[in-house]
Amino acid sequence: MEQRILLIEDNPDITRVVEYELEQAGYRVLTAPDGISGLTSARENVPDLVILDLGLPDLDGAEIARRLRKTSPVPIIILTAMDALDRKVNLLEAGADDYMTKPFHPEELVARVKVQLRHQQHGEVIMIGALEIHPQKRLCHYNGHEVRLSPKEFDLLTFLARQPGRVYSRGEIEREVWNGELPSNSNVVDVHMANMRAKLRDLDGYGIIRTVRGIGYALKTN
């Protein structure tokens, strides 16, 4: 079965070149000229990988990446004309797996597509010390033992683990894990943290979640 690549790009010249190179490499290519049609295609066709232009006419590419990431682990490669480091960091934080700065060589893009699909095939694994998370399989182990987490606890721990050491405020956690749907002054985040700590404590992992008083939480890197 052919792997499907969704290319969201408003420049028809770039679309033609990338589409040709990907088809020559054996992929089936779906194209969308803007963010809305791209999100619709991603929902209806379930691609194996998304190539996303940052400068679309309707929606910001980073916003599209965030929306895709909320519902799918599909690899996302960003195409951007901007080379600023802070912008690249923001793209990765938004959910992108890789990025390429325009102008680029189509052959290199195809090579990066192959790398991302190979990672996807084998399944992403996040390892931090004794903690091991398999996002696609939704499995978590600590010291070789399975940690039985609720769906939201798993999402929360995975969110922290993607950038270990970074301190996230309760507001950031609520927006990313609960889509900003919690009522004001809710203690749901704290309750879930306490539950996770209790489960990890049984496996000598209580201390891997760090509370930063007055700010939020972070996952320790060692």
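Which side chain meets that of Arg112 in a salt bridge at 2.7 Å, N to O? In this predicted model, the partner is Glu108. The two residues lie four apart in helix 5, so about one helical turn separates Arg112 from Glu108. Glu108 is partly exposed, with a relative accessible area of 34%.

Arg112 also forms a salt bridge with Asp98, where the closest N and O atoms are 3.1 Å apart. Here Arg112 belongs to helix 5 and Asp98 to strand 5, residues 98-101, so this pair ties together parts that are 14 residues apart in sequence. Arg112 is partly exposed, its relative accessible area being 25%, whereas Asp98 counts as buried at 16% relative accessibility.

Gln116 has 11% relative accessibility; the cut-off for buried is under 20%, so Gln116 counts as buried.

I turn now to another salt bridge, that of Asp155 with Arg138, whose closest N and O atoms are 2.9 Å apart. This pair links distant parts of the chain: Asp155 sits in helix 6, residues 151-161, and Arg138 in the loop between strand 7 and strand 8, 17 residues apart. Both count as partly exposed, Asp155 at 28% relative accessibility and Arg138 at 40%. Elsewhere, salt bridges with shared partners join Glu9, Asp53 and Lys102 into one network. The count of salt bridges comes to twelve.

Definitions and conventions. Residues are numbered from 1 along each chain as its sequence is written. This is a predicted model: local features need pLDDT of at least 70, side-chain atom pairs count only at pLDDT 80 or more; totals for chains, interfaces and linings use all residues. Side-chain values use heavy atoms; hydrogens and water are left out. Buried means under 20% relative accessible area, exposed over 50%, partly exposed in between (1.4 Å probe, protein chains only). A salt bridge is a side-chain nitrogen of Lys or Arg within 4 Å of a carboxyl oxygen of Asp or Glu.
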